[in-house]
Amino acid sequence: MATDMQKLIGASEEDDEEEMEMDVKEEDDEDEENGEKHIAAQMMMGVDGVMQSTSSSGQFQHHQQLQEQVSTPGGGGARRSRPLEEKERTKLRERHRRAITARILAGLRRHGNYNLRVRADINDVIAALAREAGWVVLPDGTTFPSRSQGSRPAAGTSAGITSSSSQMVSQPTPPTSLRGVSSGYRTSVDYNACRMKGVFMPTPSPYDLSSSAHSQSSGMVGDGGEQTESLPLIAGSMEAVNNKQVIDLPPKLPEHDFAGTPYVPVYVMLPLGIINMKCELIDPDCLLKQLRVLKSINVDGVMVDCWWGIVEAHAPQEYNWSGYRRLLQMVRELKLKLQVVMSFHECGGNVGDDVCIPLPHWVAEIGRSNPDIFFTDREGRRNPECLSWGIDKERILRGRTAVEVYFDYMRSFRVEFDEFFEDGIISMVEVGLGPCGELRYPSCPVKHGWRYPGIGEFQCYDQYMSKSLRKAAELREHSFWARGPDNAGSYNSQPDETGFFCDGGDYDGYYGRFFLNWYSQVLVDHGDRVLSLAKLAFEGTCIAAKLPGIHWWYKTASHAAELTAGFYNPCNRDGYTAIAAMLHKHGATLNFACPELHLLEQHEDLREALADPQGLVWQVLNAAWDVCIPLASENALLCHDRIGYNKILDNVKPVNDPDGRHFSSFTYLRLSPLLMERQNFMEFERFVKRMHGEAVLDLQV
């Protein structure tokens with residue numbers, strides 16, 4: 001394998017050299033053409049000099065000499081010698097630049113774990129770095145910040161985010177942004193929780209502003225009265241000072257005082273590609289420095305993915321844990337804790353994925369001969385992101401069932417790192433149960449064309465899932481029900497466009513209830529089987545399962561996006577109680593990604609998709625608290641501002657909960673250079689203190 005990679009890298013470097021020579025040749029042609037144009041321009045200057053010579057005899061002599069230089073053979077040779085020398089220098093510069101580029105590309109392929117094509121150029125490198133920083137790069141090169149980052153202002157201008165239908169509030173961050181400048185102001189939508197009866201609901205947060213209020217906007221005017229930029233008035237006013245108009249912002253929003261509240265541990269998720277495909281730790285010196293900085297602000301620990309596709313990559317039951325051992329030793333030296341994720345899915349192709357880590361090679365080989373080991377949609381498209389739950393008990397993975405493969409992997413990890421379990425360094429093991437490590441069907445695959453807020457599609461058409469459905473239909477003595485819905489639309493349909501999910505649709509008929517009950521029960525049974533083995537492998541250590549926040553179409557009767565993902569949660573049924581009961585059976589923690597979708601630019605999307613993130617959060621939380629299982633959480637979106645942190649705090653530590661319930665831990669997503677920037681890190685340190693129940697000096701009450 002290493003030899004093949006070297007050949008690929010070598011071939012790439014040779015290709016780059018060939019392309020370099022072609023480009024240099026093109027530049028040579030351009031240089032010759034430019035030289036001719038230069039001489040022609042000088043001739044025109046000579047002519048102009050003669051025509052304008054009546055005003056000065058000195059100017060006439062100068063232009064006459066210049067004209068003679070151009071017209072005589074000796075003069076022409078002297079002028080053309082310079083372009084030849086410049087061409088040689090250009091060739092050398094270009095060869096040097098190309099050689100550096102080739103080495104950068106080879107190094108990134110070999111050590112950086114970047115998913116670059118064989119004949120990648122500098123554009124691919126720039127795109128990979130931009131995606132790693134959280135930007136979106138389209139195939140045509142168009143680049144813009146992702147929604148998790150919000151809008152970025154142009155250089156040299158005051159920052160601001162405009163909206164036609166959302167009120168904007170001042171961000172209680174640095175004093176420099178309190179007058180005339182806005183920097184990343186965000187709000188939350190006004191959530192509707194009318195359908196939740198008899199359950200705890202929090203009082204409205206001061207950060208949840210009505211989305212129906214209109215933002216005010218005006219221009220900022222410079223010294224000369226010229227309008228320089230149109231910016232929103234951030235719930236403030238404008239006044240004239242020294243012939244300038246300045247925005248006066250209102251006082252900071254009040255914050256809840258979390259001093260003296262229960263201590264909630266804070267973990268930081270490490271980058272996805274911290275371990276490369278050879279199971280080597282990437283840049284350990286840089287990571288050690290970052291971990292020391294996190295330790296200095298009393299972060300409790302870090303979380304890392306243990307990728308199945310890296311550890312058991314080449315052959316069944318041949319495990320390579322070397323890179324993870326190095327990481328664990330580093331964590332222990334700094335007296336931090338570690339949460340690990342048993343990642344039985346591939347990385348790449350989903351939002352936020354900046355590296356490519358496929359399933360093990362030997363599993364992919366089985367999939368080529370038997371593609372039914374993967375989830376399949378109605379059109380027969382396979383999704384190799386994870387294994388189908390239909391093979392949980394099928395011995396088709398070199399003599400083992402899928403759950404046996406998962407158990408052997410978890411047991412190997414437990415034996416390999418026994419000392420770290422005994423010392424309490426590993427505080428929790430999260431078990432991957434589906435795509436992105438979440439307990440759900442891969443109903444919304446971007447690679448198959450899904451885009452938010454599409455309802456997704458059912459994933460039950462591989463032969464093993466079809467066999468399970470047929471068996472369930474026969475038990476009900478309705479064998480004609482052994483099929484998936486034929487009127488459920490496609491990935492990007494809306495509920496009212498389908499006969500199955502529309503109001504009064506087939507989802508609530510006899511067949512619909514049978515199918516959805518079977519579909520959701522397969523999800524619960526899969527979680528039950530894998531967690532029972534995880535509990536056996538990690539006895540004495542906390543285990544956890546992760547649930548996603550499928551919040552779009554939550555305000556419709558059918559909750560179509562939740563149904564295709566496996567959560568049987570229409571308006572007349574609670575689809576999360578069965579999952580909570582299953583987790584309670586195994587003493588597992590529920591890790592729920594709080595969809596704190598308070599970003600300003602997403603308000604319109606939330607309304608159009610009839611979404612209710614906050615209503616979903618409290619439904620899931622109440623289902624978990626009703627059976628007394630611990631709750632952990634992580635942020636669903638990138639967060640660096642105080643309003644975002646305050647929203648997370650309100651979810652993790654509900655201030656008005658009558659029983660004083662709160663989350664057991666919180667994981668921040670994720671460690672990056674952006675987090676380490678001075679202002680962002682200061683806000684994060686303040687957030688950690690408040691999660692720990694400590695007092696902060698600049699609290700606005």
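The legends below describe close-up views of a predicted model of one protein chain.

**View 1. The whole chain and its confidence.** The protein chain has 701 residues, of which 51% count as buried. Its secondary structure comprises 18 helices and 16 strands. Mean pLDDT is 78, and 69% of the residues reach 70 or more. Residues 147-199 have pLDDT below 50, although the model gives this stretch 165 contacts beyond near neighbours in sequence. Residues 597-601 also stay under 50, with 26 contacts beyond four places in sequence. Where pLDDT is low, the predicted coordinates should not be read in detail.

**View 2. The largest nonpolar core.** This core holds 147 residues, and those touching the most other members are Y324, M342, L387, F413, F515, F538 and F684. Helix α12, residues 510-537, gives the most to the core, with 13 residues. A second, separate core has 5 residues, including M269, V341, M428 and A544. In soluble globular proteins, nonpolar side chains tend to be buried together.

View 3. Strand β8 (residues 301-307) pairs with β9 in the parallel sense over 7 bridges. Strand β12 (residues 426-431) also pairs with β9 in the parallel sense, over 5 bridges. M342 stands opposite C306 in the pairing of β9 with β8, and its bridge partner in β12 is V431. Beyond four places in sequence, the contacts of M342 include C306 and V431, together with Y409, M410, F413 and F538. Of these, F413 and F538 are, like M342, among the residues that touch the most other members of the largest core.

**View 4. H526 in helix α12.** H526 lies in helix α12. H526 counts as buried because its relative accessibility is 2%, under the 20% cut-off. The side chain of H526 reaches the backbone oxygen of L433 at 3.1 Å. Leaving aside neighbours within four places in sequence, H526 is in contact with W389, D392, Y406, L433 and L439.

**View 5. Two cis peptide bonds.** Y452 and P453 are joined by a cis peptide bond with omega of about 5°. P453 lies in the loop between β12 and α11, the latter spanning residues 463-475. A cis peptide bond also joins L669 and R670, with omega of about -5°. R670 is found in the loop between β16 (665-668) and α18 (678-691).

View 6. C279, a residue other than glycine, has a positive phi near 60°. C279 lies in the loop between β7 (266-269) and α5 (284-296), and at 1% relative accessibility it counts as buried. Phi of Q317 is near 65°, again a positive value in a residue other than glycine. Q317 sits in the loop between α6 (308-311) and α7 (322-333). With a relative accessible area of 46%, Q317 is partly exposed.

**View 7. P371 in a loop.** P371 lies in the loop between α8 (361-369) and β10 (374-376). At 28% relative accessibility, P371 counts as partly exposed. R381 is 10 residues from P371 along the chain, and their C-alpha atoms are separated by 9.8 Å.

Technical notes. Residues are numbered from 1 along each chain as its sequence is written. This is a predicted model: local features need pLDDT of at least 70, side-chain atom pairs count only at pLDDT 80 or more; totals for chains, interfaces and linings use all residues. Side-chain values use heavy atoms; hydrogens and water are left out. pLDDT is the predictor's confidence in each residue, from 0 to 100. Contact means heavy atoms within 4.5 Å. Helices (H or I, at least four residues) and strands (E, at least two) are DSSP runs, numbered from the N terminus. Buried means under 20% relative accessible area, exposed over 50%, partly exposed in between (1.4 Å probe, protein chains only). A nonpolar core is a set of buried Ala, Val, Leu, Ile, Met, Phe, Trp, Tyr and Cys residues joined through side-chain atoms within 4.5 Å. Two strands pair if DSSP finds at least two bridges between them. A polar contact is a pair of N or O atoms within 3.5 Å; within protein, one must be able to donate a hydrogen and the other to accept it, and residues adjacent in sequence count only if both atoms are side-chain atoms.
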